[in-house]
Amino acid sequence: MHATATTVLNRRNRLLLVLAVLLATLTPTVPAPAGAAEPAEALGAAGASRHSPSRGAEVVGVTRVADRQTDLSVRSTALGGRTVKVRLLTPDGWNPADRRRHWPTFWLLHGCCGDYTSWTARTDVADIDSLRDVLVVMPEAGWNGWYSDWWNYGRGGDPAWETFHTVELRHLLESDWGAGRDRVVAGLSMGGQGALLYAARHPGMFKATAAYSGSAHPLLNDESVDRVMGFFAGQNNDPLRVWGDPVAQRHIWRAHDPFHLARRLTSLPVHLSCGDGTTGPLDAPGGTSALEADFNRQNHALAAELRRVGAKHLTTHFYGPGTHSWAYWERELHASLPMLLGALRVEG
């Protein structure tokens, strides 16, 4: 690869076409709230503004949106003082005021062009009986945040999504909202990469991970690099802010590429699933997806690397025909739940 900062920027216009095609598939329909914002006392918590000054985040609002669905508004230092939402799908009997009870926690991450409402808006996750005994955490991660602390030309700072999730939000949830320290993580597309990254980059934080059509090896080839740079350029963003130039800042790219972190995943249960981008049984006639085809190659490469380095608990479901779409991700969520809940010692 002989890309430079200039050539990467010149790719930007042609790669935005990728984003335009994806938006129709990935942008969720946000449900209308089922109720107005409620004070945290109504949920059994100690107050709507709960914070950990040492971790730089505080809950400034609580909204009950549906049965067992509560949104937290969290002001984050890692995100430049901005307030973002986190949706909780709560277990039966959840009472955050009861400090004696901490629930197994399932982090469920959204993809690019979506948000914290995506999973509840586009799937049946809220109706899955086996999730009534765990706390499901669906955090905002930015339209194209990539579950990363952005490079920002060496300055760091806002946005620092990885720090927000793995430090600030984790501490808040475990201090004040009933989250336990047994955790698993799963996600789709960009969120699939995030699930693999968080499990690999934070040893011991998660007991298992699953990626559905995840960006599993963005450095696979020039096509894969071009595609992810196209995402980085979304919403008129400077794509070099995220991980820098794929040549000059190669070490940053490798540090965010699950393929190059495979050795850190060898002891964990890992589930990878992906279609091949051709028309599948859950697609409209003639539907295809170049993005899914690329991610399919990436996932095959990661699976081979995991086996090469001695992964002990790898499961894959490379199901052939199927595009980059929600019908498959809902199905794969169900398929992976026995493994994920087993890692939490919860009966699936």
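Strand E5 (residues 103-109) is mostly covered, with 7 of its 7 residues buried, where buried means under 20% relative accessible area, exposed over 50% and partly exposed in between (1.4 Å probe, protein chains only). Strands (E, at least two residues) and helices (H or I, at least four) are DSSP runs numbered from the N terminus. The model is predicted, so local features need pLDDT of at least 70 and side-chain atom pairs count only at pLDDT 80 or more, while totals for chains, interfaces and linings use all residues. Residues are numbered from 1 along each chain as its sequence is written, and side-chain values use heavy atoms, with hydrogens and water left out.

E5 pairs in the parallel sense with strand E7 (residues 179-188) over 6 bridges and with strand E6 (residues 135-139) over 3 bridges, pairing being defined as at least two DSSP bridges between two strands. Trp107 stands opposite Val185 in E7, and its bridge partner in E6 is Val137.

## Cysteines

The whole structure contains 0 disulfides, a disulfide being a pair of cysteine sulfur atoms within 2.5 Å. The sulfur of Cys113 lies 3.1 Å from the closest cysteine sulfur, in Cys112, which is too far for a bond. Cys113 counts as buried at 3% relative accessibility, as does Cys274 at 0%.
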